[in-house]
Amino acid sequence: MSAASDQSTPSTGSPSGASYAAAGVDIDAGDRAVELMKEWVKKTQRPEVLGGLGGFAGLFDASALKRFERPLLASATDGVGTKVDIARRLGVYDTIGHDLVAMVMDDIVVCGAEPLFMTDYICVGKVHPERVAAIVKGIAEGCVLAGCALVGGETAEHPGLLGPDDFDVAGAGTGVVEADRLLGADRIRTGDAVIAMASSGLHSNGYSLVRHVLLNQAGLDLEARIEELGRTLGEELLVPTRIYSLDCLALTRTTDVHAFSHVTGGGLAANLARVIPDGLHAIVDRSTWTPAPIFDLVGKTGQVERLELEKTLNMGVGMIAIVPEESADVALDTLADRGVEAWIAGEITERGDHATGAEMVGTYSI
């Protein structure tokens with residue numbers, strides 16, 4: 001966090017006039033937060049990272065890219081939406097960073113890129129050093145899971161705009177992929193298998209609907225244990241977004257992956273359609289999996305129609321891999337070895353006159 005102050009002192013020696021501290025910005029607290037987060041940022045370092053925390057810019061040695069014949073840089077930026085409100089209400093700050101890394105780096109890996117480094121932006125109403133450090137701890141742990149370095153960030157204190165306990169997080173990341181290994185729609189063929197990778201829960205999308213239904217309409221207590229969930233509602237809603245980056249890269253090494261699709265805002269069908277080329281169509285069979293109880297809880301409690309749920313939530317699938325049919329078994333074995341629940345959820349077909357790129361068919365198994 002950077003800050004400046006301006007205060008005047010009259011000849012009497014008694015302080016007078018405005019100051020940054022009086023306006024609500026605590027520079028000392030920001031410095032304390034930086035000191036607390038250093039140990040966590042250090043855990044994310046890759047050999048290519050130069051310098052330490054506290055500079056004006058993070059440095060990454062680009063000569064490492066010489067191992068590529070034609071390196072393409074991939075970049076993405078994102079936040080975690082209103083899930084931060086659940087963390088604030090519960091006073092739990094060390095998981096939300098996992099969500100941030102997942103939302104950024106799992107977008108980057110979709111094209112086959114290896115995550116390299118990330119920066120974060122934490123905006124708070126008031127700097128509580130331990131709280132900020134806990135958020136960065138989660139980001140750092142997420143970076144380790146994604147295989148990238150956390151090379152820098154910013155903590156901004158916005159008194160008057162945010163309440164003392166309010167905060168938001170955002171991040172940006174960079175990855176690299178060899179040009180001839182770039183994944184995407186042009187690789188997909190008729191007959192390819194659509195492989196679904198299980199989500200860890202709601203991930204970080206649709207929380208405006210979830211909060212409206214469960215907290216505002218139904219008035220459920222975040223601390224209350226929900227029998228069908230097997231834990232408290234708050235624990236369920238704060239389950240971190242699964243980070244698939246290294247799992248996806250492992251797939252690219254063991255089989256011929258044609259494309260990935262990260263299931264985020266808009267749901268499974270809409271995100272899958274983004275990587276399907278003109279002339280082809282993805283069919284996903286709902287009967288191949290059972291969504292976790294949290295999805296049913298939201299749907300039944302709010303009387304939310306299935307199509308509305310599917311447009312808003314991931315419904316139990318966080319990442320899709322599209323591979324040749326003959327490679328499906330190898331892909332499933334690779335993911336199983338890495339502890340990722342996965343299954344064949346559909347296939348790629350020729351697109352009909354009224355097809356829109358991807359569709360869900362069948363009924364979820366129960």
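The lining of the largest cavity divides into five nonpolar residues, one polar and four charged; here Ala, Val, Leu, Ile, Met, Phe, Trp, Tyr, Cys and Pro count as nonpolar, Asp, Glu, Lys and Arg as charged, and the others, Gly among them, as polar. This is a predicted model, in which local features need pLDDT of at least 70, side-chain atom pairs count only at pLDDT 80 or more, and totals for chains, interfaces and linings use all residues. Residues are numbered from 1 along each chain as its sequence is written, and side-chain values use heavy atoms, with hydrogens and water left out.

The structure holds one cavity of 30 Å³ or more, and the volume of the largest cavity is about 40 Å³. A cavity is a set of points on a 1 Å grid over the protein atoms alone where a 1.4 Å probe fits but cannot get out, and lining residues have an atom within 4 Å of a point. Among the lining residues are Val124, Lys126, Pro164 and Phe167. Helix 4 (residues 129-146) gives the largest share of this lining, three residues.

Now to the sheet, which is open, with four strands in the order 3-6-4-5 and mixed pairing. Strands (E, at least two residues) and helices (H or I, at least four) are DSSP runs, numbered from the N terminus, and two strands pair if DSSP finds at least two bridges between them.

| Edge strand | Residues |
|---|---|
| Strand 3 | 71-79 |
| Strand 5 | 149-157 |

Each edge strand has a single partner strand, so one side of each is left without a neighbour in the sheet. Strand 4 (residues 114-124) runs parallel to strand 5, joined by eight bridges. Threonine 119 has glycine 152 in strand 5 as its bridge partner.

Notes: On a 1 Å grid over the protein atoms alone, a cavity is a set of points where a 1.4 Å probe fits but cannot get out, and a pocket is an open set with protein on both sides within 12 Å along at least five of seven lines; lining residues have an atom within 4 Å of a point. Grid points are joined across faces, edges and corners, and a volume is the space filled by probe spheres set on the points.
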